[in-house]
Amino acid sequence: MIREVTPQDLSAAASLEALCFPKEEAADESSLKQRIQTFPNSFLLLEVEENIIGMINGCITNQKTITDDLYADAQKHDPHGDYQSVFGLDVHPDYQHQGYAKLLMHAFIKKAKAEGRKGLILTCKKHLIGFYESFGYRNMGISDSTHGNAVWYDMILEF
């Protein structure tokens, strides 16, 4: 079942984030709390047998690329913005490679379309470009983001 996050999900979301991303890249509990408070309708969870095994979240913005300040400040969220960003797409390691990430992404795309957005934006590492291209995202090249001291690629899906 896919549903919107609630404040009671904070601990589970923080645990999942820590499992799925290196420490330098993972959102900490404080950041996730800000996101849950500021844009809960842009933060979806996937439950299997009442366990949270996946999540996707990101603010809404008018920018066509994600900049590091968006990660740092949930107040940059603009509920009337054109683009749904994807800050993180997390699936518990025990459930990876079973189609759950695709379910979450399809739900986020459907939601963005229903809300009248122009598209979605995200950054990813080189080895994930093909995965996101399978949804229709276009690679816009190396990102200016230095989040977690990694090399990121800007991706955009325009409707």
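**Entry 1: salt bridges**

I began with a network of salt bridges that links Arg3, Asp9 and Glu47. I counted a salt bridge where a side-chain nitrogen of Lys or Arg lies within 4 Å of a carboxyl oxygen of Asp or Glu. The model is predicted, so I note the limits: local features need pLDDT of at least 70, side-chain atom pairs count only at pLDDT 80 or more, and totals for chains, interfaces and linings use all residues. Residues are numbered from 1 along each chain as its sequence is written, and side-chain values use heavy atoms, with hydrogens and water left out.

How many salt bridges does the structure hold? I found nine. One of them joins aspartate 69 to lysine 76, with the closest N and O atoms at 3.3 Å. Aspartate 69 is partly exposed at 31% relative accessibility, and lysine 76 is partly exposed at 39%. Arginine 117 bridges to glutamate 115, the closest N and O atoms being 3.3 Å apart. Here arginine 117 is buried at 11%, whereas glutamate 115 is partly exposed at 31%.

**Entry 2: helix α1**

I checked which residues of helix α1 (residues 10-20) are buried, and noted Leu10, Ala13, Ala14, Leu16 and Glu17. For helices I took DSSP runs of H or I with at least four residues, for strands runs of E with at least two, numbered from the N terminus. Seen down the axis of α1, the buried residues fall within an arc of 165°, so they line one face of the helix. The arc is taken from the directions from the helix axis to the C-beta atoms. An α-helix has 3.6 residues a turn, so residues three or four places apart point the same way.

What do the buried residues of α1 pack against? I listed α2 (29-38), β2 (43-48), β3 (51-57) and β6 (88-91), with contact meaning heavy atoms within 4.5 Å.

**Entry 3: aromatic rings**

A search of the whole structure gave me six aromatic pairs. Rings of Phe, Tyr and Trp (its six-membered ring) pair if their centres lie within 6.5 Å; planes under 30 degrees apart are stacked, over 60 edge-to-face, the rest tilted. Tyrosine 71 and phenylalanine 87 make a tilted pair, 5.0 Å centre to centre with 50° between the planes. This pair links distant parts of the chain, 16 residues apart: tyrosine 71 is in helix α3 (residues 68-72), and phenylalanine 87 is in the loop between β5 (83-86) and β6. Both tyrosine 71 and phenylalanine 87 are buried.

I then looked at phenylalanine 131 and phenylalanine 135, whose ring centres are 5.1 Å apart with planes at 80°, so the pair is edge-to-face. Phenylalanine 131 is partly exposed at 24%; phenylalanine 135 is buried at 12%. Phe131, Tyr132, Phe135 and Tyr137 form one aromatic cluster.

**Entry 4: positive phi**

Most residues other than glycine have a negative phi. I noted glutamate 50, not a glycine, with a positive phi near 65°. Glutamate 50 sits in the loop between β2 and β3 and is exposed at 74%. Asparagine 149 also has a positive phi, about 55°. Asparagine 149 lies in the loop between β8 (138-142) and β9 (153-158) and is exposed at 75%.

Terms used. Buried means under 20% relative accessible area, exposed over 50%, partly exposed in between (1.4 Å probe, protein chains only).
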